[in-house]
Amino acid sequence: AGSGNTQVDLLSNHLRRDYALPAYNLAHPGEMPDYLSYVSAFSGSHQGPRVLLFVYEGNDFVSTDGKSGSAGRRLWRRYYEMFSGTNVYRVTKSLTKRAMRRSQIAGSAYVTIGDLRGHKMAFLTRYVEATRAREQLPIQEFEHVLVRLQPQLEHVYFIPTSYRIYHRHLADGSGPLPDAKWQYLDTLCQRERIACTNLTGPMQRAADELLARDQFMWWPDDTHWNGNGVAVAARVVAESLGRGDHRSRRP
C-alpha cells in the first residue's frame, strides 16, 4: 500500500508508468482471509480481474483461526468502516498505537537495532524471529485462500523481511538463515500449479549495490520498502509477467 512513500512511488504507479501494467492496490489492511474477501467483493463489480498476491514473510504466515469472531475484532471492523476515511481516524489510530507501544518500543525486546555501514536500522524483533524460524507448520486458512483464489491468481510473490536482506551485513550475520516460509509457500504453489516468485534474490542484489552508496531499500525505522525497494519489486513483477522490456527508473 506504499506506507511511508509518496504517491509516485506506489507499486501500482511504478507498474503503470514504467511497464504499462494497469494495477490497483486492493488488499489493505488485513490478513490472508481478508485478501480473499476483498478479491471476491471486487470481482462482483469488475469483470475478470487478475490477482497478484504478495505474501510477507514477517506476518502473513500465521494462523488467523478464531480471530474473525472475537468481540474485539468486530469492534475494530465497525470502527474502521465508520472512520477510516476521516482525519479523526488517522489521529486516533496514531495516538492509540503510541500509547500501546511506547513501553514496548522503549524496551529492547520490541525492536532490534542493527548497524549497516555506520547507519542504524531498526528491525521488528518478531519479524526477526519469523525470519529465523526453522519450521513452518501448515496453516489451514492460508492454504484455503490460495485454493479459492487460484482461478484468478496470475502470480504469487514472496516478500522477504528487511532482516533477511541485510542479515549478512550485520554483526550476527554469520551463517545462512533458514528459509522455512518460502519453502512452505513454494510447495503450496507447486501443488496448486500457481506461478510463484521469491523476491529475496533480486532484493539482496539491489540492496548490496545501494548499500555501497549508503542507500537503502527500506526506511531505517520502518518495516516497509522505500521507493528503491518498490522499484525493484515492480521490475521483478514486470519480468515475471513478460513485461521486462521496459526500463525501470530506479535501481
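This is a predicted model: local features need pLDDT of at least 70, side-chain atom pairs count only at pLDDT 80 or more; totals for chains, interfaces and linings use all residues.
Local features here need pLDDT of at least 70, side-chain atom pairs count only at pLDDT 80 or more, and totals for chains, interfaces and linings use all residues. Residues are numbered from 1 along each chain as its sequence is written, and side-chain values use heavy atoms, with hydrogens and water left out.

Let's start with α1, residues 11–19. Helices are DSSP runs of H or I with at least four residues, strands are E runs of at least two, and both are numbered from the N terminus. Seven of the nine residues in α1 are buried, meaning under 20% relative accessible area with a 1.4 Å probe, protein chains only. They are L11, S12, N13, H14, L15, D18 and Y19. Just past the helix, A20 has a positive phi of about 55 degrees.

| Partner of α1 | Residues |
|---|---|
| β1 | 51–56 |
| α10 | 227–240 |

On the α10 side, L11, H14, L15 and Y19 of α1 make contact (heavy atoms within 4.5 Å) with residues including G227, V230 and A231 of α10.

As for β1, this strand belongs to an open three-strand sheet ordered β1-β4-β5, with parallel pairing. β1 and β5 (196–198) are the edge strands, each pairing on one side only. Strands count as paired if DSSP finds at least two bridges between them; β1 and β4 (residues 153–159) have six. Within β4, L153 sits opposite V51.

Technical notes
Buried means under 20% relative accessible area, exposed over 50%, partly exposed in between (1.4 Å probe, protein chains only).
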